[in-house]
Amino acid sequence: MLANEEVWLDRVAPDVVTALSEWTETAAVELEWRAWLSGRSGSAIARVRTKVRTGRREQILKLIPPELGKLESRNVSLAKQHSPSAFFDRHIIPTIVSEKLPGCSWYLHVQDVGGGDVSSWVPLANIMIDPALGDHCASIIKSVHLEWNAEQPYEHTEVPVNEYVHKSIADYLRPGCGLSTFTQETGLNLEKPDPYVDFSGRKERLPNPLALLRPTDEVIEIWSGLCHGDLHVHNLLVPTKPVIDANSYKLLDLGRFTYNGPLARDPMKLLGSIAAEWLPDLAPDTGLRRRLAELIVEPDTTSETPPTTGYRAVSQRIHEASELLALESGAGHDWPRQKLLALAIVALRLTSQHARFPSIADRRWFFEVAALATRAFHNLDHTNRNQPGAPIEMHRAAAVHELEFDEPAADRSAPPEAKIIQLRPRPHPDVVPELLLQLLHGIDNLSPTSSGERLADIGEGLRALATRLEHILEDAGDTLEVQLELRAVREKLIRMSNAVIAHKVLPDIRQAGEELRRSADQRWTRSQN
């Protein structure tokens, strides 16, 4: 029996709901919808509760349209065949039903979490405000890249850049499809793209990412292996009880799995999906949005400001984690180019999704990300990137924290507070005062004449900085008083994230900031004496 049919009718056609109801009768299953998890390209994914004679279970159900059903069913089978058994058992939710619905061309997949209880599991999208989001993403990327591919050698081949890009976005290039619609809306030429494009608020012109489709002699070495294919924040489940444990993540929706896909795609797809979650909170055509686009592409070279601290930290950790593959596999000499090209492709695909992002301002922003990634791609040293023996140019923090466990590096040019995977670096003695000054300076600059929305935006960035400081102070000695005052500041900054009461909270934040300043001055005066 199919309960709450009206919920299903809101997402799929009546004939599909009828077919699903018939399936429950044939399978002797009571099926109750609990929550929507995801569902794109016309699919619908839900958390459901099923009841059979032996008891109730909570499971994941996916309804797949006919044009995708056969291929996705095949890919689910391939994922089980190619995955190491230990990885499959720990990180992949087994598909216990994969079949066509009766009297219907749609397909049904049912996935079963061990024990049949998914009530304590949430999509990664549900914990976007967690201060350790960057570390969660880094752990997942490292596992997907290295553990999933542990029993299969990496493959690599050189391909023309334009052919690779065309193949990656071919489904959006047809007349009337995503990019075609976008170029019509914006006056861009898809058939004969100009080499550069202008963006509001930018003095310099940026390379046109559509020009990547033009035939050239440029090639790129693509490293491939086992890939999820659609690794976004709604396709990753993490347990939250008793605490969030990203190391025990589960992969959802393996319909786009491939055993020989580009390895750079999954981490950049995840980064793009996180950016898509952030975007609605930022006003269109603002400096903050432009800065977000820059730090998504190149977090190491984008200056840090209070409003962007949290965003930059997450982007940096994802970039760093993706580069661990280069260290393990030898793909380092061309990995930065693969990563940037993958990000440009992800951004172009998001630009093309007008149904998902009806605002042209949002799709222009993704196009801007694609342009920035294209510029970074072209700016890399052409000599070094094409030499197999060339040195690996990576984010320094990734190399330092992955390879040097006990002794501090001779050159700490990377931020000492950077944290990746499970390695917790020691805080540099100068880091805490510098970050505290940055936090206090940000509080001093909060203006009562700013709008509530503006105060909320700045307050969110300051809150992320305060949270970061709290994590660092956990490893520092004689800082209990500072930690207590810092916690009071962070709690008030959380209240300021509500634009309606931001002005009311402002005096309390200023007072808490002064208490933190006095406590910090006393602590570091003692250390100097």
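Thr18 lies in helix H2 (residues 14–27), where helices (H or I, at least four residues) and strands (E, at least two) are DSSP runs numbered from the N terminus. The model is a predicted one, in which local features need pLDDT of at least 70 and side-chain atom pairs count only at pLDDT 80 or more, while totals for chains, interfaces and linings use all residues. Residues are numbered from 1 along each chain as its sequence is written, and side-chain values use heavy atoms, with hydrogens and water left out.

At 45% relative accessibility, Thr18 counts as partly exposed; buried means under 20% relative accessible area, exposed over 50%, and partly exposed in between, with a 1.4 Å probe and protein chains only. Thr18 is 85 residues from Gly103 in sequence, yet their C-alpha atoms are 9.2 Å apart in space. Another such pair involves Ala326, which is placed in helix H10 (residues 309–329). Ala326 counts as buried, at 1% relative accessibility. Between the C-alpha atoms of Ala326 and Pro336 there are 9.1 Å, and along the chain the two are 10 residues apart.

The aromatic rings come next. A pair of aromatic rings is described by the distance of the centres and the angle of the planes. Rings of Phe, Tyr and Trp (its six-membered ring) pair if their centres lie within 6.5 Å; planes under 30 degrees apart count as stacked, over 60 as edge-to-face and the rest as tilted. By this rule there are 10 aromatic pairs. One of them joins Phe87 and Trp148, which are stacked at 5.1 Å centre to centre with 15 degrees between the planes. This pair links distant parts of the chain, 61 residues apart: Phe87 belongs to helix H4 (residues 85–91), and Trp148 to the loop between helix H5 (133–147) and strand E7 (155–160). Phe87 is buried, with a relative accessible area of 4%, and Trp148 is buried, with a value of 1%.

Trp148 also pairs with Phe257, and here the rings are tilted, with 5.5 Å centre to centre and 40 degrees between the planes. Again the pair links distant parts of the chain, since Phe257 sits in the loop between strand E12 (250–251) and strand E13 (258–262), 109 residues from Trp148. Both Trp148 and Phe257 are buried.

Elsewhere, ring pairs link Trp8, Trp33 and Trp36 into a cluster. Arg11 lies over the face of Trp36, 4.2 Å from the ring centre; a charge sits over a ring if NZ of Lys or CZ of Arg is within 6 Å of the ring centre and within 35 degrees of the ring normal.

Next, the open space. Rolling a probe the size of a water molecule over the atoms shows where empty space is left. On a 1 Å grid over the protein atoms alone, a pocket is an open set of points where a 1.4 Å probe fits, with protein on both sides within 12 Å along at least five of seven lines, and lining residues have an atom within 4 Å of a point. The largest pocket holds about 1,600 Å³ of space, a volume being the space filled by probe spheres set on the points, which are joined across faces, edges and corners. Its lining has 49 residues, and Ser168, Asp171, Arg256, Arg265 and Arg349 lie nearest the centre. Helix H3 (66–82) gives the most to this lining, with seven residues. Among the other elements that each supply at least two residues are E7, helix H6 (161–169), E13 and helix H8 (265–278). By class, the lining has 16 nonpolar, 18 polar and 15 charged residues. Here Ala, Val, Leu, Ile, Met, Phe, Trp, Tyr, Cys and Pro count as nonpolar, Asp, Glu, Lys and Arg as charged, and the others, Gly among them, as polar.

Of the 14 residues of H8, 12 are buried, so H8 is largely enclosed by the rest of the structure. Among these buried residues are Asp266, Lys269 and Trp278.

Some backbone details remain. The peptide bond from Lys241 to Pro242 is cis, with omega near 0 degrees, and Pro242 is in the loop between strand E11 (236–239) and E12. Asp253, although not a glycine, has a positive phi of about 60 degrees. Asp253 is found in the loop between E12 and E13 and is buried, with a relative accessible area of 12%. Asp285, also not a glycine, has a positive phi of about 55 degrees. Asp285 lies in the loop between H8 and helix H9 (287–297) and is exposed, with a relative accessible area of 57%.
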